[in-house]
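Q: I've got a structure open and I'd like to learn how to read it. Can you walk me through some features?

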Amino acid sequence: MAVALDRDDFTCELGFAPHCDYGPPPGERTREKPMKLLRFGPAGQEKPGLLDENGVIRDLTGHVGDITGEMLGDEALARIAAIDPASLPAVDPATRLGPCVGAIGKFLCIGLNYSDHAAESGLPLPDHPILFMKANSAIVGPNDDVELPRGSTKTDWEVELGVVIGTKAKYVSKGEALSHVAGYCVVNDVSERHFQTQLTGQWTKGKSCDTFGPVGPWMVTRDEVSDPQALDLWLDVNGTRRQTGTTAKMIFDVATIIEHLSQLMTLHPGDVISTGTPPGVGMGIKPEPVYLKEGDVMELGISGLGAQRQTVVQG
């Protein structure tokens, strides 16, 4: 039987409060200059960069080899923050943006994590975070084309908050979980619903097709995000608003997700966790679902974290 979806009832239904306000995590070292880190250039040849306070992309080549796990700890980020952006070469704004984190380790995804999305899906709230993996070969830049796989008839959209791990996390408590976060980004968890639910097995089949993991445009360091549970999400298809949500509606908040996953596996710097989607996905549209077709354009974003834009093409 489905449990009640009223947010006020979450604590008694699930046995815990799904969200509370957090102060700075233990051990938090606040940098004077929060950063937006990114990667730019042709696919497979991306260079490290940052977005300055005027919205200009700056080239970090020579200071950083790449924006990968080894550069996401507090000390490494502090060294980057100490660089005067004005001293860095400006990059042509028309330059392609790649995934904001390179050499992503694990691409972990949480399913059915918004109360209102569970309601539109007609499914009960989960007792624990639902975990599935997305193949790293799905990862692309924030504005790269999204390919419809051959035989696809039910490719769908999902705007999600991405959490980038900055330091090793194993058996961490909820209270210390956010101190292991390097930053946050936008993820489009593109999904093929027939592959996901009808091809027998786990959701991974419908989540891992090539180009099904746009990440970016940049990673915003955690000190610029005062509360990851107070972010607005949105997604448009062909100019029509399809998704509107807030991370306040997460069933399992970011700290709880990190705590839970770290009991099951070690989280490493450069791992990315995609934390679930709000309502408005194509399969939930009434009276008939609406799915992506060739030529469609998805535009999506999260407050303070930037926006993505993808054109749908036939694979």
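Predicted model: local features only at pLDDT ≥ 70, side-chain atom pairs only at ≥ 80, totals over all residues.

Q: Where in the fold is Leu264 found?

A: Leu264 belongs to helix 7, which covers residues 254-264.

Q: Which residues form a nonpolar patch with Leu264?

A: Leu131 and Met133 do. Together, the three have about 250 Å² of accessible area on the surface.

Q: And which residues of helix 7 are buried?

A: For that word, look for a relative accessible area under 20%. In helix 7, the buried ones are Val254, Ala255, Thr256, Ile257, Ile258, Leu261 and Ser262.

Q: What covers the buried residues of helix 7?

A: Several elements do, including strand 4, strand 5, strand 9 (159-165) and strand 16. Helix 4 (174-177) and strand 10 (181-188) are also among the elements that cover them.

Q: Let's take strand 4. How many of its residues are buried?

A: Five of the five, residues 107-111, so strand 4 is largely enclosed by the rest of the structure.

Q: Which way do the residues of strand 4 point?

A: Follow the side chains along the strand. Phe107, Cys109 and Gly111 point one way, while Leu108 and Ile110 point the other way. Residues on both sides are buried.

Q: How do I read the pairing of strand 4 with strand 16?

A: To call two strands paired, you need at least two bridges between them. Strand 4 and strand 16 (residues 272-274) have three, in the parallel sense. In this pair, Phe107 stands opposite Val272.

Q: What about strand 4 and strand 5?

A: Those two run antiparallel, joined by four bridges. Strand 5 spans residues 130-133, and its Leu131 stands opposite Ile110. Leu131 is also one of the residues in the nonpolar patch we started with.

Q: Now the open sheet: what is the order of its five strands?

A: Read across the sheet, strand by strand: the order is 7-18-17-14-15, and the pairing is mixed. Strand 7 (146-148) and strand 15 (240-246) stand at the edges with a single partner strand each, so one side of each has no neighbour in the sheet. From one strand to the next, the twist averages 20°.

Q: How does strand 7 run relative to strand 18, parallel or antiparallel?

A: Parallel, with three bridges joining strand 7 to strand 18 (residues 306-314).

Conventions
Residues numbered from 1 in each chain as written. Heavy atoms only, no water. Patch = residues over 30% accessible without salt bridge, like charges linked within 9 Å, V, L, I, M, F, W, Y side chains within 5 Å. Areas by Shrake-Rupley, 256 points an atom, 1.4 Å probe, with all protein chains shown as cover. Salt bridge = Lys/Arg side-chain N within 4 Å of Asp/Glu carboxyl O. Buried < 20%, exposed > 50% of the residue type's maximum accessible area, 1.4 Å probe, protein only. Contact = heavy atoms within 4.5 Å. Axes fitted to C-alpha atoms, helices over the stretch in contact; angles between N-to-C directions.
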